[in-house]
Amino acid sequence: MQEQLSPVIGELEQALRQALGPSLDICFRPILTNLGGERHGFLLFIDGLAEGKKVEAIITGVTRYTHPPFEPPDQGHNPLELLRKAVLPLAEAKLERRLSACVEAVLFGQALLALDGFRQALLISTGWNPGRRVDQPSAEREVQGPRDGMVEYLPTNLILLRRRVADRRLRIQSIKIGRRSRTMVAITYLEGVANPEVVAEVRKRLEAVRVDAIQGANSLSEFIQDSPTTPFPTVMLTERPDRLAAAILEGRIGIVVDGTPFAIVVPITLFQLMQAPGDYYQHYMIGTAFRALRFLSLILSLTLPAVYVMLVTFHHEMIPTPLALSVAAGREGTPFPTLAEVFGMMTTFEIINEAGLRLPPVVGQTVSIVGALVIGQAAVQAGLVAPGTIIVVAAAGLAGFALPAYNLSLVIRLVRFGLLLLCGFVGALGFILGTSVLALHLASLRSFGTPYLAPIAPYRPSEQQDALKRSAWWRLRTRPDFGAGGSRRQPEGQKPAPPGGDQP
């Protein structure tokens, strides 16, 4: 591709047509103007990417001086420069000399105005947002808290972030990824709070991505993780701008991808994935209680089916006698071993859940609930499955849905199958082996250099106020240790007290 623009309007139009190729939506609109004498030119834009009203405003502004009674302004200036400064009613326009830059700008929704006799063209911002309006988050809903969620349009998401972090030190750096998609990605962080080494590492990893196109934040996250072979998420995906803003204020870095309603947050820990936005919109005691309930749900979802199979198959003596008799009575007459029962029902549970996700929302939830009830009840009545198996599988499945991070919930649902097989074949030894390997694996993970199990392993006393529990806001005085500086977020003495009372 020829790099410099041709001053001959016919040659320039031919070069642009050759670069863009024959397409129905590419529009060349001839223009005649009297600015700087009578000049021919054209306006190039892509129908649908360029907003129609803005294109009409450009044509009106350029051609209004062609006929009386409008008198053209001072002719001593470059007509393109004069159009940019005094005539066009749009906010953003710039002159460009390179053909490749002009082609890329048109593909992103800008309009190109070229006049005969100039080696420059005017690029005018005419893009518009064809996406949906700001609505409630679908995957991270909360009873209390903001109701706005991110959308597929990058500028809208950045506006939602700016509304919450009105700090002059908020930095938003841009980078385009994808040789063919040219997807815009924004790196957001708070200068002076975020670690500059982590910021540099984030940009380095993003610049190292060499692909034709990225399909969204999920696919991009696979290219920048510290441990790409682990199923556990070492980045956090969120569609809530308030959660993204809170992470940035802690010193983390947000990565916002155009075309997807999810932002990436790094670095993160396992305990951050267990935190829900609702923890901070309730009283801190209530937030702590529900956070503890989530950790209990994590343990039950991961271990309950495996422990049930282990006890029923190998270690009857560990079950209290009344419970053991009840389990044995329920299993009387069932044709399959306990491991096969639990494995089959867990697989059926996942199939029903997947079917509910793929069906339309009107019938998906009904199919999931009714399907599970009908299949479970029919299996028990037919004598194929023990009632205890249905209870254990249902409890473990529901506990997995209590986890706030959907990608972590998927991993737990996958890992519990492996732990189930170990306990079903080896018993208690398999349970100890499986949980030990899992703990060692989690301890070895890093998220942009931050230990995955921090602040528990390694133990960081200054961060215990917001790990397993959620302390009151007036106690959260410091930021996590991975920040660059400004670790103190609020001064002492913020605890409220009655009039005349003493602050502790």
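Strand 6 and strand 7 form a hairpin with five residues between them, where strands are DSSP runs of E with at least two residues and helices are runs of H or I with at least four, both numbered from the N terminus. In the turn of this hairpin, Gly178 has a positive phi of about 110 degrees. The loop between strand 6 and strand 7 also holds Arg182, which has a positive phi of about 50 degrees although it is not a glycine. Arg182 is partly exposed, because its relative accessible area is 30%; here buried means under 20% relative accessible area, exposed means over 50%, and partly exposed lies in between, with a 1.4 Å probe and protein chains only.

A word on what you are looking at: this is a predicted model, in which local features need pLDDT of at least 70 and side-chain atom pairs count only at pLDDT 80 or more, while totals for chains, interfaces and linings use all residues. Residues are numbered from 1 along each chain as its sequence is written, and side-chain values use heavy atoms, with hydrogens and water left out.

Strand 6 covers residues 170–177 and runs antiparallel to strand 7, with eight bridges joining them; two strands count as paired if DSSP finds at least two bridges between them. Ser174 has Ala186 of strand 7 as its bridge partner. Strand 7 also pairs with strand 9 (residues 253–257), again in the antiparallel sense, over four bridges. Ala186 takes part here as well, with Val256 in strand 9 as its bridge partner. How enclosed is strand 7 by the rest of the structure? Seven of the eight residues of strand 7 (residues 183–190) are buried, so this strand is largely enclosed.

Next comes helix 8, made of residues 241–249, which is mostly covered, with seven of its nine residues buried. Those buried residues are Pro241, Asp242, Arg243, Leu244, Ala245, Ala247 and Ile248. After helix 8 you will find Gly251, whose phi is positive, near 110 degrees.

Phe343, Leu421, Leu422, Phe425, Val426, Leu429, Leu433 and Val437 make a nonpolar patch of about 740 Å². The elements that give two or more residues to this patch are helix 15 (406–426) and helix 16 (428–444), and helix 15 gives the most, with four residues. Patches are made of residues with over 30% relative accessible area and no salt bridge, joining like charges within 9 Å and nonpolar side chains (Val, Leu, Ile, Met, Phe, Trp, Tyr) within 5 Å. A salt bridge, in turn, is a side-chain nitrogen of Lys or Arg within 4 Å of a carboxyl oxygen of Asp or Glu. Accessible areas come from the Shrake-Rupley method with a 1.4 Å probe, and for residues only the protein chains shown count as cover.

Phe448 is not a glycine, yet has a positive phi of about 50 degrees. Its relative accessibility is 9%, so Phe448 counts as buried.

The walk ends with two cis peptide bonds. One joins Ala454 and Pro455, with omega about 10 degrees, and Pro455 lies in the segment after strand 12 (450–451). Another runs from Ala457 to Pro458, with omega near 5 degrees; Pro458 is also placed in the segment after strand 12.
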